Amino acid sequence: MKLEGTTIIGVRKDGQTVIAGDGQVTQNQQVIMKGNAKKVRRVYNDSVILGFAGSVADAFTLSERFEEMLNKYSGNLMRSAVELAMLWRGDRNMRQLEALLIVADKNDMFIVSGSGDVIEPEHGICAIGSGGNYALAAGRALIANTNMTAEEIARESMRIASDICIYTNSNIVVEVA
């Protein structure tokens, strides 16, 4: 049984970094199993936030490994993200994990993937998950054409994605770095 379906967005604007995510977990692309899952959380003494999309068990495994890297590298976000990506790509068992992460602190934000990618977002905004492209498009429009804060942009982008993507709901969790 594969449980999936989510949208996560990261927004950096005017010195504020926000990650927001919805709460929907979908089984077999047919049934909403849960509407209030928390896929955005704080780690490393609450100084780092992360959001995950993909297979739930895989995402939790990657989140735990990322926390281990943060502890090993004294909270250095970039180094921890790169080391996780290298481990993820190089370890035969981890290579099978199907998830993506957005990780951020007050200075940096990255998307981390199993193919070894550590991507710093363009325009201060990134998104992952089934509704990620909808949230990304909304966020880019809002960041370029409004005076909204990073948190307001994240919330509105998630609301727009939840109106379009059937795997995204409007039960939004927001964390600010």
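Colleague: What kind of model is it, and how are residues numbered?

Modeller: It is a predicted model: local features need pLDDT of at least 70, side-chain atom pairs need 80 or more, and totals for chains, interfaces and linings use all residues. Residues count from 1 along each chain as its sequence is written, and side-chain values use heavy atoms, without hydrogens and water.

Colleague: Where does glutamate 64 lie?

Modeller: In helix α1, residues 56–72. Helices here are DSSP runs of H or I with at least four residues, strands are E runs of at least two, and both are numbered from the N terminus.

Colleague: New topic. How many aromatic pairs are there?

Modeller: One. Phenylalanine 52 and phenylalanine 60 have ring centres 5.2 Å apart and planes at 55 degrees, so the pair is tilted. Rings of Phe, Tyr and Trp (its six-membered ring) pair if their centres lie within 6.5 Å; planes under 30 degrees apart are stacked, over 60 edge-to-face, the rest tilted.

Colleague: Which accessibility does phenylalanine 60 have?

Modeller: Phenylalanine 60 is partly exposed at 36%. Phenylalanine 52 is buried at 3%.

Colleague: And where is asparagine 169?

Modeller: In the loop between α4 (150–164) and β12 (173–176). Asparagine 169 is buried, with a relative accessible area of 13%.

Methods
Buried < 20%, exposed > 50% of the residue type's maximum accessible area, 1.4 Å probe, protein only.
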